[in-house]
Amino acid sequence: MATFLDLDLPKSVQKALDELGYTSPTPIQQKSMPVILSGRDMMGIAQTGTGKTFAYLLPILKQWKFIATDSPRVIIIVPTRELVVQVTEEVEKLTKYMSVRALGVYGGVNINTQKNLVYQGVDILTATPGRLMDLALDGVVRFDSLQKLVIDEFDEILNLGFRFQVTSILSMMKQKRQNILFSATMTDEVDEMLNEFFDFPEEVSLAASGTPIEKITQTGYRVPNFLTKLNLLEALLQQERIERVLIFCNNKKTADLITERLEENFAGQFGVIHSNKSQNYRLNTMAAFKEGELRGIVTTDVMARGLDIPDVSHVINMEFPEVPEQYMHRIGRTGRADKEGIAISLVSPREEEEQIEAELLMEKEIDFLPLPENIQHEEKLLEFEKEKKKIKFLLKRPKLEGGAAFHEKKDKNKKVNLGGPGKRNPKKTKPRNRAAEKKRASKKKKGK
């Protein structure tokens, strides 16, 4: 079995790894090392929880040499603020015995504070796409010393709508650099970006896109509506074996609704994280969960990607994600580091289509269990459960600027006014009546 000693890392990095208790590299770390060390562009496809962060940090640090510059030599782009914090912490752990300045920047906090930190000098900068673009446009972050660009969770960056920011950043960078990209899935959009900005990247693939993690037991319940789901969730949480759990839903309002209900019977045991919560609140909640002060966290997909949260025993999907790949990322929060994990999905009739799509992607069926007899069935539907298909249809209709009268008026306004009536349409000018003109002139003479 390979160990980190086989990678011939610098003594300072090896010492940091020893103190962290890491002895053996993961498969993606072993496969990525020679490609990144060669200097070629690389595109890595790997499941979540496979050690991707160290897969690019270790070869980068193995080649590290001092250069007198205050501009970043390595830039790491990740989709969320939580990931910026996590990756920056990993860099700091590995460079404990090296002279490497690490910094993380993200939106939602005072940009002037971050500008001052950048001005003090940084070697490895981790950033969200939006904040990095802002700092680059202001001339605070410069790319003239950049040697390596890492884009992690690239498919999620695109899913979150950061394509414009990423392409803008890439356009500002010099041509001579090494590009390293990691993505959990390979989509057409990812492929398009690779063709445009990467130079014949070598692919390093750990597993086929969408391959399920075998150490996760996937079960489900068919539940008629969301209020009944809340009753089932409470019953499941009464079981002591659910010790450390992430509860996923699709939006912020639903997350707050679940948290309010849990607070009634499990006061102080659950936190909530979504994009409306402040950065400090989110980081404090995450820290409390990692330290075991919280039993679980209710969250949206902001926590489904990349975050390394140890010893999550269960993932519960209160709502099935609309994108099948997202299901993979959610359940990947458990069963990490060769440990067993359990994923439980509560599926209503309106979500069965998404469930089937995820099963087709995984090439594996979810094992559905009978609904416990003691669960109270609710009749009421919440607003978001009503007429889903109709809402989808309306959203697809082309946007109109106005009614028929509006368009009629708009068409009239397109006509060009060239002057008086004769100039507008000279061919239709009224013909002169010479006989009448002579008669009027004759009357004027007689009048005189």
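Visitor: Which residue stands opposite Ile297 in strand 11?
Guide: Gly271 stands opposite Ile297. This is a predicted model, in which local features need pLDDT of at least 70, side-chain atom pairs count only at pLDDT 80 or more, and totals for chains, interfaces and linings use all residues. Residues are numbered from 1 along each chain as its sequence is written, and side-chain values use heavy atoms, with hydrogens and water left out.

Visitor: Why are strand 10 and strand 11 called paired?
Guide: Pairing requires at least two bridges found by DSSP between two strands. Strand 10 (residues 270-273) and strand 11 have four, in the parallel sense, so they count as paired. Strands here are DSSP runs of E, at least two residues, and helices runs of H or I, at least four, numbered from the N terminus.

Visitor: What makes Thr69 buried?
Guide: Buried means under 20% relative accessible area, exposed over 50%, partly exposed in between (1.4 Å probe, protein chains only). Thr69 has 15% relative accessibility, so it counts as buried. Thr69 lies in the loop between helix 3 (52-62) and strand 2 (74-77).

Visitor: Which residues are buried in helix 14?
Guide: In helix 14 (residues 352-362) they are Glu354, Gln355, Ala358, Glu359 and Met362. Seen down the helix axis, these buried residues fall within an arc of 140°, so they line one face of helix 14. The arc is taken from the directions from the helix axis to the C-beta atoms.
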